[in-house]
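Reader: I have a model open and would like to go through it with you. Can we take it piece by piece?

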Amino acid sequence: MKTNKVNRVVVIGTGAVGCSYAYSMVNQGAAEEIVLIDVNEAKAEGEAMDLNHGMPFAPSPVRLWNGTYDDCREADLVVITAGLPQKPGETRLDLVAKNTGIFKTIVKQIMASGFDGIFLVATNPVDILTYVTWKESGLPKERVIGSGTVLDSARLRFKLGEYFKVDTRNVHAAIIGEHGDTEFPVWSHSSIGIESLGSFLKRKEDVNPDCLEKIFVNVRDAAYDIIQRKGATYYGIGMSLARITKAILHNENCILTISAYLDGEYGEKDLYIGVPAIINREGIREIIEIDLNEKEKEQFSTSAKVLKEIMANTL
């Protein structure tokens, strides 16, 4: 059990995602201690050195160093970004066999340190690897969280704001389900400000309702488009992880579409999948089970089925 009185976050993996997350954390002053761990110790050391050189410009003091799994013992949060990345032409689910073995080794070493905090998983396929982390760690399901569809929902909000010329922070919309090809937007619960999206569209005579499907496809395929152009995505997920982290460490009780374990919610059991949930210092306080329309219920069922089939064949 941790005994220090400051917030310590351990980042496993100093690739592009891990470093984008650490950079976001430093710039937002989200934790007092950040530890970087990587199988390539020299890489972790170099990243720590580089980040530390910017500390005079950080909004608040941060101790940051490259460490070992022993540093997890007093961590409040361990964020796993390690693993093989998605390559051009690969789906997130193609990575499951490659990364499951890596994760089992990582989680075993973390738990051997005496870690008793919260896990946040970002590596793809995130829903399945969050399940693996939960099983291997033995921690309560509320304290093992996947990044889920937080980034997908952010992408949707950005694209809707861009299209309708509205500040993206005033767009309220979410994508749920698998963080992957079977994810879907919950149009029935979307709004622009406090006005429902359906009502907003009726007032906009110059807007084609078909625009929504085009926007969603752009969001769903965003990772493929970015990977094709620059090889990987990392800034968006780095900021998304920082947002989840702040919700946890600051006990915010905020609602985010993370990957959570379902035990009957939405008619599904024994899987992790992207759903809206209330997040605080204890992890997942509550899963919000919203009323989906018939199409959305069918889409959610399909998404869960795909994840379960992959798990049955690989875990």
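Reader: Which side chain does arginine 281 meet in a salt bridge?
Author: Arginine 281 pairs with the side chain of aspartate 76, at 2.6 Å from N to O. Keep in mind that this is a predicted model.

Reader: How many salt bridges are there between domain 1 and domain 2?
Author: The count between domain 1 and domain 2 is 1.

Reader: Which elements supply the side of domain 1 that touches domain 2?
Author: Helix 1 (16-28), strand 4 (77-80), strand 5 (118-121) and helix 4 each give at least two residues to that side. Helix 1 has the largest share, with 7 residues.

Reader: Back up a step. Where is the chain divided?
Author: Domain 1 covers 6-144 and domain 2 covers 148-311. In the contact, 37 residues come from domain 1 and 40 residues from domain 2.

Reader: How much area do domain 1 and domain 2 bury between them?
Author: About 3300 Å², and 66% of that is on carbon and sulfur atoms. The C-alpha centres of the two domains are 23 Å apart.

Reader: Next topic. What does UniProt list for "binding site"?
Author: The unreviewed UniProt entry lists several residues under that name, including Gln86, Arg92, Asp127, Arg155 and Thr233.

Reader: Take aspartate 127. Is it buried or exposed?
Author: Aspartate 127 has 2% relative accessibility, so it counts as buried. Its place is in helix 4, residues 126-137.

Reader: What does aspartate 127 touch, beyond residues up to four places away in sequence?
Author: Aspartate 127 touches Gly177, Glu178, His179, Ser259, Tyr272, Ile273, Gly274 and Leu307.

Reader: And arginine 155, buried or exposed?
Author: Arginine 155 is buried as well, since its relative accessible area is 12% and the cut-off for buried is under 20%. Arginine 155 sits in helix 5, residues 150-164.

Reader: Last one, leucine 36. Which strand is it found in?
Author: Leucine 36 belongs to strand 2, residues 33-37. With a relative accessible area of 1%, leucine 36 is buried.

Reader: What is leucine 36 in contact with, leaving aside neighbours within four places in sequence?
Author: Its contacts include Val11, Ala22, Leu51, Leu64 and Trp65.

Reader: How far apart are leucine 36 and glycine 264 in space?
Author: They are 37 Å apart, C-alpha to C-alpha, and 228 residues apart in sequence.

Note on methods: Residues numbered from 1 in each chain as written. Predicted model: local features only at pLDDT ≥ 70, side-chain atom pairs only at ≥ 80, totals over all residues. Heavy atoms only, no water. UniProt positions renumbered as here; feature names shortened; annotations may be inferred. Helix = DSSP H or I, 4+ residues; strand = E, 2+ residues; numbered from the N terminus. Buried < 20%, exposed > 50% of the residue type's maximum accessible area, 1.4 Å probe, protein only. Contact = heavy atoms within 4.5 Å. Domains from an automatic or database assignment. Buried area = accessible area lost by both parts, 1.4 Å probe. Salt bridge = Lys/Arg side-chain N within 4 Å of Asp/Glu carboxyl O.
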